[in-house]
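Student: Hey, can we go through this one together? I'd like to start with how the chains meet.
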Amino acid sequence: MRPFITAFRFEFRRGVREGVLPALLLLFAVAVVYAAWNGRTWRENQKAAREAALRDTAKFRDEVLARYASILERTPEKAPNTGMLMVSVWYRPTIPVAPLAAVTVGQGEGYPFDLRFHPSNTRAIFAARPITIGNPEARAVGRFDLAFVVVVVLPLLLLAVVFDVWAAERESGVARLLQAQPVAPGLLLGAKLLARGGSALLGFTGILAAASAWTALPDTSLTGVLPEMALITLIVLSYGAFWLLLARAINMVAASSSQAALAAGAAWLAVVALIPAGLSTVRDLLQPAPSWPAQTSALRSAEVALERRQKERAAARGPASSIDRNALVLKSLVESAEDQQLLADAQASARQQQDKRRQWADTYRFAAPSLLVQDALERIAGTDAARANAFSDQALDFIVTLRDLIQQHLRDGKKAASVREYAEIIPQFTFEEATVGERFGPVLINFASLCGFSAVTWLVFRPKF
Amino acid sequence: MLSTVIRHQSTLLFRERRVALFTCLILAMIAVSLGNGFARQVRWSSDRVAAEQVDAESWNVQGVVNPHYAAHFGRHAFKAVSALAMLDPGVLDYVGTLVRLEAHRQHPAGGSPTDADTALASFTPFTVAGALTIFAPLVLVLAGFSTFSGESARQLLRQELAAGISPDTLLWGRALALCGGVLLILLLVGGVAAIILLQGSAPALGFQRLALMLAGYGVYLFTLVAVIVGVSACCRSARVALTSLLALWLVGSLLVPRLAPTIAANRYPVASLPELNENAAESFATSLDAGNPKQTRTERVRTLALEKYGVKKVEDLPVNLSGFTMEYAETLSTQAYRRHFAEVQTLYAKQRDLQRVFSIFSPMIAIKAWSAAWAETDVAAHQRFLSAAEDYRYELVQRLNRDYRDHPPKGNSGNYETDVGALIAPLGNFTLPVVGNEELWPLAWPSGAVLVLWSLAAAAFVSVAVRQLGGRV
């Protein structure tokens, strides 16, 4: 163990003295700080957008309540029942911005963050599209967020530290001298790799963890995001370990520093860009994205069918004055549930296509460590597809619950005594975050897979001197 | 002599295994990208045509309804994509493919192909433009870093110079050999794209744009060749040359192009859609309330109508007051929305100008802008679609409102209804006007100028490097 420690110390001091390690740490810190600030700005904008959406809905709700206040003041005996109030306002379930969303924008702009609907008209839910009016050029080139720094920049800097850890010694002839010493060369290589790469990786991880925590601080305490922080640290360390082991493998075969640099560059390009881009292309060919114009057409056809159905219903009902308003609303709620099914059916094939596309991507994420890391960071940050889909599922469940509640209130004919009481009766949507197991299970699978990549690299490219 | 140097360098390049490997990789990437781009193009085009048909039929099937009801039923404008998008999709995957057109509100485009995706969407698929702007430079670096640097190259150079070949001839010969490879790739891309363009409508316009696009790529890659050969001439060691060129590639192809839009977006932030809607609604309310603030909005519009038609009672109005109100409100709400969306466009323009400044550090920003401008896949092309859709929406809604206005209520029949299909038939369906090259030129030329400046600077750099070459050997 002593030679290991000596070699480690020597290599570490050399790295510090040469200024490579401090320079790279500084460079990394600058990139991280900018990415964190960038992510935090994006998250603040997302929060502002949600607040504006909620203000809009609240404004309409306040107008309705003002009408109720006026009725209560003039003719309290004619005040409508609470069910009527619930059916006369719009609802706008909104998915909250996750505390660590600044870590990666991920799919945060790819899904609608709110779903506006009326208990008897849910068309808007099916027509909902994630619409951002920010300059699309920033999205097209990719965001400069912490995930980008981890997935793309971190391996580059790690490789810059260790790409010729043994190849340089081999090229200069020092390797032969080292091999002549009564110390196992594998031990020396490990010590050099750890001294240069391991210390850099620890430094990078520390900077990243601190920056991630800083992005979450306005909304939560540090203890509130401890599990997430631990997972980020695990993922970054395992990803870094993979690159260090890959550098070790390259150094086993490269005869010179130039060869090692080329091989490391090629590996970086393949893992970070070529394999994910290739997979993305193959998926586009095999599982193309469902066409939005086609979905809109299907929805439009369903709407036309609904129009016809509604006209038939109105004709069958006869003049509106002859029907009790309570009964009419009750009936319309039942009918709207049927209508909602028609709209859902119209979009079923597109949704299936989308699900298949997502499943394909989920399955093939194991093809590259960079994909695993991106996927894990999105899940930890709460900007992933699963959270967005959970939100739309919960919003649809909320409609069902709401309809049942309204029907119950309409049947009971209960009235409130004050506007405040009326306002309190209106149900509010609360987004239920997934359980820890559901949220972090896939992240741990990604972590295990990253460890698997490292293990394979370790076992396949064993040092041969 | 120049041709001999070119031939010699070409033979060396041909024999270099790693260059051959990476060139094959690039060609495979281009082939897959072209296939994918073409398949997407066909799919999008057929889906759009089918959707337009369904939209028109759905509109007509409404039959006799109230015009304002029909204005809320609305229509859709579907985005037509230019044939050259198969080479350079630009921002197409990140902007909407359709716009809902209805009364009172200007919707932005929704439904982009990257919506509802997973982490894989964070990695863009291969495109021809990506292959030419990101990966081709890398192959050029690998092919050209040791042109003059490194021990063997230096020894060969000594012999060549001693044989009486001028450094200029050597340098340009080697640069042209690299350019030959680039030219072959560009001709290949151009040939395949031209065949595909022949199948579409207006191939002549397509050919012109394709030629301009490829000329831009030619200038861009020539610039890179010059920089690579120049750096190689400046560095004695092949390792230093390679490291410097790879660092330049990283900064120029990866970091600056990613940083530039982010910095621009942070410098000129655009409000979110809910905030824009909120602001537009406020502007609309303010414009409605302008005049006599003591009156309610309904009273104010009524007074306005009575004044306009010179009558004292609503019953005497020669028009339908509801229709008049709708028409009036639509004018005001459209003004409000257009003003706010115009502010967004101004911010986009400022962001674009700031990004252009960054092209001083990376010619890739300039070539991307140049290429997307001719492929009509840039932000400006999307804005043209949105503007055309908005013009159509306003005309559609106001036609309905005017018809409503011109039919005052008769007796007890309060609700006016008409055949909206027949009413809108003269307006036709939404079509995106074809834009001529003269309209694209003002958007493209600044990027083209930056590219030319880059190539001139690179040529000057090579000239300086070549002058020093003789002395250094």
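Student: How many residues of chain B are in contact with chain A?
Tutor: In this predicted model, 80 residues of chain B are in contact with 77 residues of chain A. Contact here means heavy atoms within 4.5 Å.

Student: Okay, and what area is buried between them?
Tutor: About 6700 Å², and carbon and sulfur atoms give 65% of that. Buried area is the accessible area (1.4 Å probe) that two parts lose on being put together, summed over both.

Student: Which residues in chain B lose the most area to chain A?
Tutor: Those are L120(B), F123(B) and R258(B), together 12% of what that side buries.

Student: New topic: at what angle do α1(A) and α2(A) cross?
Tutor: Roughly 65°, and the axes come within 4 Å. Helix α1 of chain A covers residues 2-18 and helix α2 of chain A covers residues 20-74. Helices (H or I, at least four residues) and strands (E, at least two) are DSSP runs, numbered from the N terminus. The axes are lines fitted to C-alpha atoms, for helices over the stretch in contact, with angles from 0 to 180 degrees between N-to-C directions.

Student: What do we call that arrangement?
Tutor: α1(A) and α2(A) are roughly perpendicular to each other. Angles of 65 to 115 degrees get that name, under 35 is roughly parallel, over 145 roughly antiparallel, and the rest oblique.

Student: Which residues make the contact?
Tutor: From α1(A) you have F12(A), G15(A), V16(A) and E18(A), and from α2(A) there are V20(A), L21(A) and P22(A). They divide into 5 nonpolar, 1 polar and 1 charged. Ala, Val, Leu, Ile, Met, Phe, Trp, Tyr, Cys and Pro count as nonpolar, Asp, Glu, Lys and Arg as charged, and the others, Gly among them, as polar.

Student: Back to chain B. Where is the kink in helix α4?
Tutor: At F135(B), shortly before the proline P137(B), and the kink is about 40°. The bend at a residue is the angle between axes fitted to the seven residues ending there and the seven starting there.

Student: And is α4(B) mostly covered or mostly uncovered?
Tutor: Mostly covered: 16 of its 17 residues are buried. Buried means under 20% relative accessible area, exposed over 50%, partly exposed in between (1.4 Å probe, protein chains only).

Student: What about Q383(B), buried or exposed?
Tutor: Q383(B) counts as buried, because its relative accessibility is 13%. This residue lies in helix α13 of chain B, and it touches Q345(B) and Y348(B), not counting residues up to four places away in sequence.

Student: Where does E376(B) sit?
Tutor: In the loop between α12 and α13 of chain B. E376(B) also has a positive phi, about 55°, without being a glycine.

Technical notes: Residues are numbered from 1 along each chain as its sequence is written. Chains are lettered from A and ligands numbered from 1 in the order in which they are written. This is a predicted model: local features need pLDDT of at least 70, side-chain atom pairs count only at pLDDT 80 or more; totals for chains, interfaces and linings use all residues. Side-chain values use heavy atoms; hydrogens and water are left out.
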